[in-house]
Each structure stands twice: as structure tokens, then as C-alpha cells.
Amino acid sequence: MSTHIEAKKGEIAETVLMPGDPMRAKWIAETFLEDAFCYNDVRGMLGYTGTYKGKRVSVQGSGMGIPSAMIYYHELINDYGVQQIIRVGTAGSYQKDVKLKDIVLAMAASTTSGINNSRFINADYSPTANFELLMKAALYAKENNIPVKAGNVLSSDEFYEDDPNEYKLWARFGVLCVEMEAAGLYTIAAKYNIKALTILTVSDSLVTGERSTSDVRERTFGEMVRIALNIF
């Protein structure tokens, strides 16, 4: 056991898929995994382990935002020996050509968070994806005719911002979309020398104001999960 995860040693696989929403972790386990069992429900943050095409894999909710997610990243790596973490989540588009239901591979993650300010004084650290996982995801998507976009994303500390036009500065510099955890994941993965990738489904657009319905989100979320499950 760790502070926030009640799994016994050996109950968590070396590869973990991580949505923010614990109910999405439950949905992934029930929809895609065989012989899945729940190893954690501390604070309602559900975690499951099962198999996919004979490969052992776990799915763990992380909560919203970098502070919550990094607790789970840290414990999974240091207390349970996890070697690969693939974040599967939703995002808000910052670009006209990044539309609802599009899948984005986060090559790098800019952030409004101060998580690295105390580590890198008067300098900017650039959290990036693992190249091997990134290439595998891009190749799987191409071979299975799944359109994807890849580039820089923003990991924001705020969901509701005071200035609704603040996103336009990030958009001008090519940031594709906004989410809330990738920069924390890439930072801690680099620190502990594990592999990490963030795969996102666009659920709304700050450019057009469009939002996906819950059933559309579920269908497109499944496509993203299939990519994640086939690259390790």
C-alpha cells in the first residue's frame, strides 16, 4: 500500500492508462479489459488491473489538475514500480483546425503551473513525451485510419479563467489545445526515467464555443483508448 493507493504489491501492471475521471477508469476496465479487478477505491479514485490482448495493464484515475495527478504518478512509480504511464483525457481546442472529436498526441506540454519554478530557478523546463510511445501511437493511428494531430499542448492550472480571450496568446504560438495534467506527467516521468505519453480527445472548442455531448465523448474516447492500449 501507498498513502493514496491501497493495492498490494504486484496488483498494478507496469503500464498504466490514466484518465482524470475515476468513472472513466471504471468504464475503460469494463469495456476493454478481460478479468479486470478493482485494486483501489481510496477517496473514490478507482484503479483496475486486467489484460488486453493478453497484455497486463492497469487503469487508474488521477483526479483533475497537476497537484492531484502527481500524487498518483509519484506513488505508482515509486511504490509500485510502474514503467509506462499513458494519460488519456479530454481537451479544449485552441485552433480552428483542431475540431471536436479530434485526437491530439501531446509532443510537449507548456503550462501555467509553477511546479518547476522551484527546480529550475530563472529557467524554463520543457516537459516532453517519450519519443518511442509517441511514434508508436502515430504509427498505430495511421495504420488504422485514425486521424491524429501532434504538437504542443497547454497544461493549465485553471479551468475557469478570468479572461476568455487569454487562450489566443497560446494559440498564436501554435499550442493546439488545453488540458490540466500532461506537464506534470512528463516532468515526473523524466525525473524517474519512465516512459510517458498524453493522448487527448477534443471535447470542446474555445475558438467556436462548441461542446461535445456525453455520448459523443464516450464514443471518441474509446478510439483514443484503443490507441493507448496498442502501443506497449
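Helices (H or I, at least four residues) and strands (E, at least two) are taken as DSSP runs and are numbered from the N terminus. The structure described here is a predicted model, in which local features need pLDDT of at least 70 and side-chain atom pairs count only at pLDDT 80 or more, while totals for chains, interfaces and linings use all residues. Residues are numbered from 1 along each chain as its sequence is written, and side-chain values use heavy atoms, with hydrogens and water left out.

Lys26 is found in helix H1, which spans residues 22-32. With a relative accessible area of 28%, Lys26 is partly exposed, because this class lies between buried, under 20% relative accessible area, and exposed, over 50%, as found with a 1.4 Å probe on protein chains only. The side chain of Lys26 is joined to that of Glu30 by a polar contact of 2.7 Å. A polar contact is a pair of N or O atoms within 3.5 Å; within protein, one atom must be able to donate a hydrogen and the other to accept it, and residues adjacent in sequence count only if both atoms are side-chain atoms. When residues up to four places away in sequence are not counted, Lys26 touches Leu46 and Tyr48, where contact means heavy atoms within 4.5 Å. Lys26 and Cys38 are 12 residues apart along the chain, and their C-alpha atoms are separated by 8.6 Å.

Cys38 is itself partly exposed, with a relative accessible area of 40%, whereas Cys177 is buried, with a relative accessible area of 0%. In general, a disulfide is a covalent bond between the sulfur atoms of two cysteines. A disulfide is assigned here to a pair of cysteine sulfur atoms within 2.5 Å, and by this rule the count comes to zero.

For Asp35, the value is about 55°; Asp35 is placed in strand E2, residues 34-40, and counts as exposed at 73% relative accessibility. For Lys53, phi is about 50°, and the residue is placed in the loop between strand E3 (47-52) and strand E4 (55-60). Lys53 is likewise exposed, with a relative accessible area of 60%.

Ser2 lies in the segment before strand E1 (15-18) and is buried, with a relative accessible area of 12%. Leaving aside neighbours within four places in sequence, Ser2 is in contact with Glu75, Asp79 and Tyr80.

Arg87 has its place in strand E5, residues 84-93, and is buried, with a relative accessible area of 4%. Its side chain makes polar contacts with two glutamates, namely with the side chain of Glu179 at 2.8 Å and with the side chain of Glu181 at 2.9 Å.

In general, rolling a probe the size of a water molecule over the atoms shows where empty space is left. On a 1 Å grid over the protein atoms alone, a pocket is an open set of points where a 1.4 Å probe fits, with protein on both sides within 12 Å along at least five of seven lines, and lining residues have an atom within 4 Å of a point. Grid points are joined across faces, edges and corners, and a volume is the space filled by probe spheres set on the points.

The largest pocket has a volume of about 880 Å³. Of the 34 residues that line the largest pocket, Gly92, Phe159, Val178, Met180 and Asp204 are the closest to its centre. At least two lining residues each are supplied by E5, strand E8 (177-179), strand E9 (195-205) and helix H6 (214-229). By class, this lining has 13 nonpolar, nine polar and 12 charged residues, where Ala, Val, Leu, Ile, Met, Phe, Trp, Tyr, Cys and Pro count as nonpolar, Asp, Glu, Lys and Arg as charged, and the others, Gly among them, as polar.

The second largest pocket has a volume of about 270 Å³. Of the 15 residues that line the second largest pocket, the closest to its centre are Thr111, Asn116, Asp124, Tyr125 and Pro127. Strand E6 (residues 103-111) provides the largest share of this lining, four residues, and the lining of the second largest pocket divides into five nonpolar, nine polar and one charged.
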